[in-house]
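I opened this notebook to keep a record of what I looked up in one structure. The entries follow the order in which I consulted it.

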Amino acid sequence: MSAPDNIEIRPVRLADVESFHTYLEVITHERRYWSKIEPKTLPELLQWFTKALKQGAPFLIACDGEEVIGHADLTIPTLEGHTHLGVLNMSLLPPYRGRGIGSHLLKAIVAAAWAHGLTRIELQAYSSNTLAIGVYERAGFRHEGRRRKARFLDGEYDDAVLMALLRDNT
């Protein structure tokens with residue numbers, strides 16, 4: 001699937017682990033939008049990739065040539081009664097934001113979720129991440145709640161906005 005600026009969106013492969021590690025270092029060191037503030041080590045990332053690929057849950061990357069510039073993945077709980085939903089994690093490198101790539105990536109992961117048989121996608125975004133919240137709202141995600149002062153980092157509080165999309169959109 002192609003997004004704007006000839007960005008390719010495709011399922012992740014084990015061979016992407018090194019480029020993904022470089023991408024993840026930038027995202028985590030931003031210390032703004034991602035919950036983790038330190039990237040996984042390469043061995044930890046390889047273990048995560050292997051587990052995700054074995055589980056078969058939707059996991060897409062956005063690439064500019066061979067470089068990973070974004071991703072969207074769904075974690076599917078194994079707890080009985082919760083396997084119908086996926087928890088969305090998604091991000092783009094800073095130079096690629098605000099160009100429509102995130103909307104294409106989100107559309108692709110939603111389609112992959114429905115094809116996987118899921119009926120609910122949920123996410124948490126920090127309230128300061130207004131660009132991402134707007135992308136989710138335009139895609140039909142609804143606000144379901146807010147965790148006030150959910151994070152205190154670098155001397156500032158940030159609320160967590162809880163959103164979800166249902167397959168039947170009710």
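**Entry 1. Ground rules.**
I note that this is a predicted model, in which local features need pLDDT of at least 70 and side-chain atom pairs count only at pLDDT 80 or more, while totals for chains, interfaces and linings use all residues. Residues are numbered from 1 along each chain as its sequence is written, and side-chain values use heavy atoms, with hydrogens and water left out.

**Entry 2. Salt bridges.**
I recorded that side chains of opposite charge can pair when their charged atoms come close. How many salt bridges does the structure hold? I found 6 salt bridges, each being a side-chain nitrogen of Lys or Arg within 4 Å of a carboxyl oxygen of Asp or Glu.

I looked up E144 and R120, whose side chains meet in a salt bridge at 2.6 Å, N to O. This pair links distant parts of the chain, with E144 in strand 7 (residues 142-153) and R120 in strand 6 (residues 120-126), 24 residues apart. Helices (H or I, at least four residues) and strands (E, at least two) are DSSP runs, numbered from the N terminus. E144 is partly exposed, with a relative accessible area of 47%, whereas R120 counts as buried at 16%.

I then turned to R146 and D159, which form a salt bridge through their side chains at 2.8 Å, N to O. R146 lies in strand 7 and D159 in strand 8 (residues 156-166), so the pair ties together parts that are 13 residues apart in sequence. R146 counts as partly exposed because its relative accessibility is 47%; D159 counts as buried because its value is 18%.

Are D158 and R151 buried or exposed? Both are buried, and their side chains meet in a salt bridge at 3.4 Å, N to O.

**Entry 3. A network, and E8.**
I noted a network of salt bridges that links E8, R10 and D16. E8 is found in strand 2 (residues 7-11) and counts as partly exposed, because its relative accessibility is 36%. I also looked up E8 against V68: the two are 60 residues apart in sequence and 9.5 Å apart in space, C-alpha to C-alpha.

**Entry 4. A nonpolar surface patch.**
Which residues form a nonpolar patch on the surface? I found L14, L46 and L53, with about 240 Å² of accessible area together. Accessible areas come from the Shrake-Rupley method with a 1.4 Å probe, and for residues only the protein chains shown count as cover. Patches are made of residues with over 30% relative accessible area and no salt bridge; like charges are joined within 9 Å, and nonpolar side chains (Val, Leu, Ile, Met, Phe, Trp, Tyr) within 5 Å. I placed L46 in helix 2 (residues 42-55); L46 is partly exposed, with a relative accessible area of 39%.

**Entry 5. The second largest pocket.**
I looked up the second largest pocket, which has a volume of about 200 Å³. A pocket is an open set of points on a 1 Å grid over the protein atoms alone, where a 1.4 Å probe fits, with protein on both sides within 12 Å along at least five of seven lines; lining residues have an atom within 4 Å of a point. Grid points are joined across faces, edges and corners, and a volume is the space filled by probe spheres set on the points.

The lining includes W48, K51, F59, D73 and T78. Helix 2 and strand 4 (67-75) are the elements that give two or more residues to this lining. Helix 2 gives the most, with 4 residues.

K149 lies in strand 7 and counts as exposed, because its relative accessibility is 55%. D154 also has a positive phi, about 55 degrees, although it is not a glycine. I placed D154 in the loop between strand 7 and strand 8, and it counts as exposed at 53% relative accessibility.

Last, I looked up T83, in the loop between strand 4 and strand 5 (85-92). T83 counts as partly exposed at 46% relative accessibility. The C-alpha atoms of T83 and G117 are separated by 9.6 Å, and the two residues are 34 residues apart along the chain.

How values were computed:
Buried means under 20% relative accessible area, exposed over 50%, partly exposed in between (1.4 Å probe, protein chains only).
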